[in-house]
Amino acid sequence: MSDDGGPKSKDAAQSGQASKRLRQISSHLPPDYSDVLSQINTLRTLAATPDESRRGYLRQKQAGKLWVRERLEQLLDCNSFREIGSLSGTVTWEKMGAMRERPVSFVPSNNVQGMGKLQGRRILLTADDFTLRSGHADGASHGKTIYLEKLALALKLPVVKLVDGSSGGGSVTIIRTAGWSYLPYVSIYKHVVEQLNQGIPNLGAVVGPAIGLGAARVVSCHFSVMAADVGSLFNAGPEVVKRATFEEGLDFQTLGGPMIHCTNGTIDNLAANEAECYEQLRTVLSYLPNSGRQAPPVIATDDPEDREDEALRQIIPRRQTRMYNPWKVITSVVDDRSWFEIGALWGRTAIGGLARLGGRPVGVISLNCEVNGGALDAAGSQKLARLLKLCDVMNLPVLQFIDVPGYAIGTVAERTATMRWGVELGKTYFTTTIPLFNVITRRAYGVAGGLMLGARDPVMQVAWPSGQWGSLPLEGGIEVAHRHELREADKLGLKKARYSELEEEYRRLMNPVRTANAFGVEEIIDPKDTRRVCCAWAQHVYQTILPERLADRAAGKIRPVFA
């Protein structure tokens, strides 16, 4: 016999009543999900509206900094930002009835991420909100950050990082919240390195104190810039430093301000303020492809490729010890108003940057005879190595203006490991594969000159009539090679006369035409024709060599490395 009043029957009855109750409640919910859409709109409105009473917001404004969403408006094309993770954060809910609730307060994630456009180009963007926990990690920022880095790899889109705080780095309060401590893995870094080596542009701006992980993220970028009025960068803040090293009285600027990190190579460029930072980011991106699988973007120009500049005939002084302005050579040859220097405040024996030839982006390398006579020091070598790697992963051909007397010498040069970093530069020349074109404007001496000139086979180069080259400059070289002869002449009081005779002979033999007679240099050109020659080279590279290079990269035959 069946037991109608048994436990199973009671459970079935209760389940039926619950289902009936749920159907009744559901029947009162709007069929168009307007209640859920209303919650979404409310949260987005709260996130986009600053809480002007919040202490962090007031501190941000007192420091002269923009709020994170003001930064997005200033950087990106109008109305182009589409946020990713717009609802992530901490919500306080108020119950309105059965299955009904509404958000009454919302503390959004302190890392705003999404997709937008820079001068019409789609990019991914991550920006810290220093007003919330000084940019330290919250419940959502870690997952969002990793997602964006992965998304950049999947979509092959440039990433712009506005750093103001620790950029999702840790805080001791996390231990208290979680109830346990953790190993500080930097799980995003694998994806960052992949982006760097794939030539997916990573551009960073320091628009506040960049601390710990935030500092590491921006320094890792292909290009970084710091706002002089509000930017600073350090591994740990003044309070932590005071307890660890007993250095007192430090503030953000004295510990890691722009006069420290824009002059030691940690950050590439300096900008006066946030607005100028964003302008530099736009400018740099205009030279770069979306990834190393593409050629750099070519634009139209009204600067004739066959433009001549007769002033270049006189820019190199006949007296070899005199200086000249190397920037005038660069700006005369490249497209009008296309020169953008990178690292102007550090490694000043070398000059590096981006420009265009006939609208085609190129990297530009020069030596600076106005600093240390142009002798390449450790910092200059590091700067050029970094630029060569950038150009290699971005498929940017490199134009070089060669006037190098060799590596720097003396006690300072030895203490700063000039040869170590000079050799690292040489390795970079010979491990990168991007096309190089040399214009020998004056000197090419020693190991430095040899490495810069001979990194491609066959070499692509021309020389100016002012060119001179060899193992050593004559200044000092004559004394070394003719030490005994000059010593004997000195005993007779004839050292000065004999030195003059030797110098005159060597200068006659070092006529660059003699080198061309022996095919020691391929061609000597009139300096006024330099732009025409360089533009013709760039045109050939973009039409013929770059397509082949892109195919080789796609097939894995070429694997440029930035990091």
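## Ground rules

Because this is a predicted model, local features need pLDDT of at least 70 and side-chain atom pairs count only at pLDDT 80 or more, while totals for chains, interfaces and linings use all residues. Residues are numbered from 1 along each chain as its sequence is written, and side-chain values use heavy atoms, with hydrogens and water left out.

Let's start with the layout. The contact (heavy atoms within 4.5 Å) takes 22 residues from domain 1 and 19 residues from domain 2. Buried area here is the accessible area, with a 1.4 Å probe, that two parts lose on being put together, summed over both. For this pair of domains that comes to about 1,500 Å², with carbon and sulfur atoms giving 60%. On the domain 1 side, His222, Asp268 and Tyr287 lose the most area to domain 2, together 41% of what that side buries.

Asp268 turns up again in a salt bridge (a side-chain nitrogen of Lys or Arg within 4 Å of a carboxyl oxygen of Asp or Glu). Its partner is Arg386, with the closest N and O atoms 3.2 Å apart. Across the interface, the rule finds one salt bridge. There are also eight residue pairs in polar contact between the domains, both residues at pLDDT 80 or more. A polar contact is a pair of N or O atoms within 3.5 Å; within protein, one must be able to donate a hydrogen and the other to accept it, and residues adjacent in sequence count only if both atoms are side-chain atoms.

Arg549 is in helix α22 (residues 530-554); helices (H or I, at least four residues) are DSSP runs, numbered from the N terminus. Is Arg549 buried or exposed? Buried, at 5% relative accessible area, where buried means under 20%, exposed over 50% and partly exposed in between (1.4 Å probe, protein chains only). Its side chain makes a polar contact with the side chain of Thr433 at 2.8 Å. Leaving aside neighbours within four places in sequence, Arg549 is in contact with Asp392, Asn395, Thr433, Ile434, Ile558 and Pro560.

Ser291 sits in the loop between α12 and α13 (326-333). Ser291 is buried too, with a relative accessible area of 3%. Not counting residues up to four places away in sequence, Ser291 touches Lys156, Gln198, Gly199, Ile200 and Pro201.

## Salt bridges across the chain

The whole structure has 29 salt bridges. One of them joins Asp526 to Arg313, with the closest N and O atoms 2.6 Å apart. This pair links distant parts of the chain, 213 residues apart: Asp526 is in the loop between α21 (512-517) and α22, and Arg313 is in the loop between α12 and α13. Asp526 is partly exposed at 24%, and Arg313 is partly exposed at 43%.

Lys427 and Glu424 also pair up, at 3.0 Å from N to O. They are three residues apart in helix α16 (residues 418-431), so about one helical turn separates them. Asp529 and Arg532 meet at 3.9 Å; Asp529 is buried at 14%, whereas Arg532 is partly exposed at 42%. Finally, Lys65, Arg71, Asp164 and Glu274 are linked in a network of salt bridges.

Terms used. Helices (H or I, at least four residues) and strands (E, at least two) are DSSP runs, numbered from the N terminus.
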